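User: I would like to learn how to read a model like this one, feature by feature. Where should a reader begin?

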Amino acid sequence: MSDIKLSERNLTVMICTIIFLALTIDSSAQNTQKHSISFELSPFTCFYEGISPFNTREALLNNASIPFIFRGRIRGSLGLNYGYKLNEKLWLRFGYTSFNATGYSKNNIQGNQWNLATRYYKTLNLDIYKTYQITSRIKAFLGAGPLFRFQRSILSYGSEQGHNVKFKDFGLNANFESQYSISKNWFTSLSINNSWITILGGKNQRAELKQIEGSVDHFFPRFSTSLKFGVGRLF
């Protein structure tokens, strides 16, 4: 547990350092602008398992405190990206995303079966993006690369106490993004992110839950799509 806390602390320090550099370095003194920093909000994440990406009104009313963005009204994510320009056509981008959603089954618990209560992900990805200049202010990006994901979900059988399930996944990202230049240094973005988990962790944990009372594999889907809005700066 201490190792996990330490790594998260180091990650926080790194993110704060990147933010500080992005906001303080005078990019007007640089001609190349080889670095970028951007923040992203996703109001829509679909996992293709039949569960709505939006929280129900009943779940909201029956949860005294729903964490994360907009108090759980949308099941989305927050993200931070750092990009490095390799040449005129290619960018290397490192991304961090945090997804947290509760209230899935709070007011609609089904008896005699597994229920999903909470879904929580932290994702790190490294992508290569190819740039297409559409107009003087609009650029399009196509990107792909590997991802590492830590996930935690809470499952309960009927109204029983929940089982906290944690494991790590590996997969691939595929992205389409458009950027609009507000000024020389600042831009907004709209992107569609598709993730495919090629190595799904937690095999032993899922097997144990299956022995207790039926399969839970459908609560850990391999595919997801997110719609993301962002704002960023070149420096």
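Analyst: Begin with confidence: pLDDT is the predictor's confidence in each residue, from 0 to 100. This is a predicted model, and the mean pLDDT of the protein chain is 84, with 77% of its residues at 70 or more. Confidence is highest in strand 7, at a mean of 97, and lowest in helix 1 (residues 2-24), at a mean of 53.

User: Over which residues does pLDDT stay under 50?

Analyst: Where pLDDT is low, the predicted coordinates should not be read in detail. Here that applies to residues 1-8, where pLDDT stays under 50. For this stretch the model has one contact beyond four places in sequence.

User: How many helices and strands are there in the protein chain, and in what order do the elements run?

Analyst: The protein chain has three helices and eight strands. Read from the N terminus on, the order is α-β-α-β-β-β-β-β-β-α-β.

User: How do the strands pair, parallel or antiparallel?

Analyst: In general, strands of a sheet pair through backbone hydrogen bonds, and the pairing is either parallel or antiparallel. In this model the eight strands form a closed barrel in the order 1-2-3-4-5-6-7-8, with antiparallel pairing. On average, neighbouring strands of this sheet are turned by 25° against each other, direction ignored.

User: Which strand does strand 1 join to across nine bridges?

Analyst: That partner is strand 8 (residues 223-234), which runs antiparallel to strand 1 (residues 35-46). Within this pair, I37 has R233 of strand 8 as its bridge partner. R233 also stands opposite W186, and strand 7 and strand 8 pair in the antiparallel sense over 11 bridges.

User: How many bridges join strand 5 to strand 6, and how many join strand 6 to strand 7?

Analyst: Strand 5 (residues 138-157) and strand 6 (residues 163-181) are joined by 18 bridges. One example is G143, whose bridge partner in strand 6 is N175. Strand 6 and strand 7 (residues 186-199) are joined by 12 bridges, again antiparallel. Here Q179 has S189 of strand 7 as its bridge partner, and S181 stands opposite F187.

User: What should I look for at the hairpins?

Analyst: Look at the residues between the strands and at their backbone angles. The hairpin of strand 5 and strand 6 has five residues between the strands, and G158 takes a positive phi near 65° there. The hairpin of strand 6 and strand 7 has four residues between them.

User: Which residue other than glycine has a phi near 60°?

Analyst: Most residues other than glycine have a negative phi. Y48 has a positive phi, near 60°, and lies in the loop between strand 1 and helix 2 (57-61).

User: Why does Y48 count as exposed?

Analyst: The cut-off for exposed is over 50% relative accessible area. Y48 counts as exposed because its relative accessibility is 54%. For the protein chain as a whole, buried residues make up 43% of the 235 residues.

User: Which residues of the largest nonpolar core touch the most other members?

Analyst: In soluble globular proteins, nonpolar side chains tend to be buried together. The largest nonpolar core here has 18 residues, and those touching the most other members are F99, W114, L155, L209, V216, F219 and F220. Strand 3 (90-102), strand 4, strand 5 and strand 6 each give two or more residues to this core. A second, separate core of five residues includes W91, Y129, F187 and L234.

User: What is W114 in contact with, leaving aside its neighbours within four places in sequence?

Analyst: Its contacts include L155, S156, Y157, H163, L209, I212, V216 and F219. The C-alpha atoms of S215 and Q113 are separated by 9.3 Å, although the two residues are 102 residues apart along the chain.

User: Where does helix 3 lie?

Analyst: Helix 3 (residues 203-213) lies across strand 4 (114-133), strand 5 and strand 6, and runs at about 120° to strand 6. Across the protein chain, 67% of the contacts with a separation of 6 or more are between residues 24 or more positions apart.

Notes
Residues numbered from 1 in each chain as written. Predicted model: local features only at pLDDT ≥ 70, side-chain atom pairs only at ≥ 80, totals over all residues. Heavy atoms only, no water. Pairing = 2+ DSSP bridges. Axes fitted to C-alpha atoms, helices over the stretch in contact; angles between N-to-C directions. Contact = heavy atoms within 4.5 Å. Buried < 20%, exposed > 50% of the residue type's maximum accessible area, 1.4 Å probe, protein only. Core = buried A, V, L, I, M, F, W, Y, C linked by side-chain atoms within 4.5 Å.
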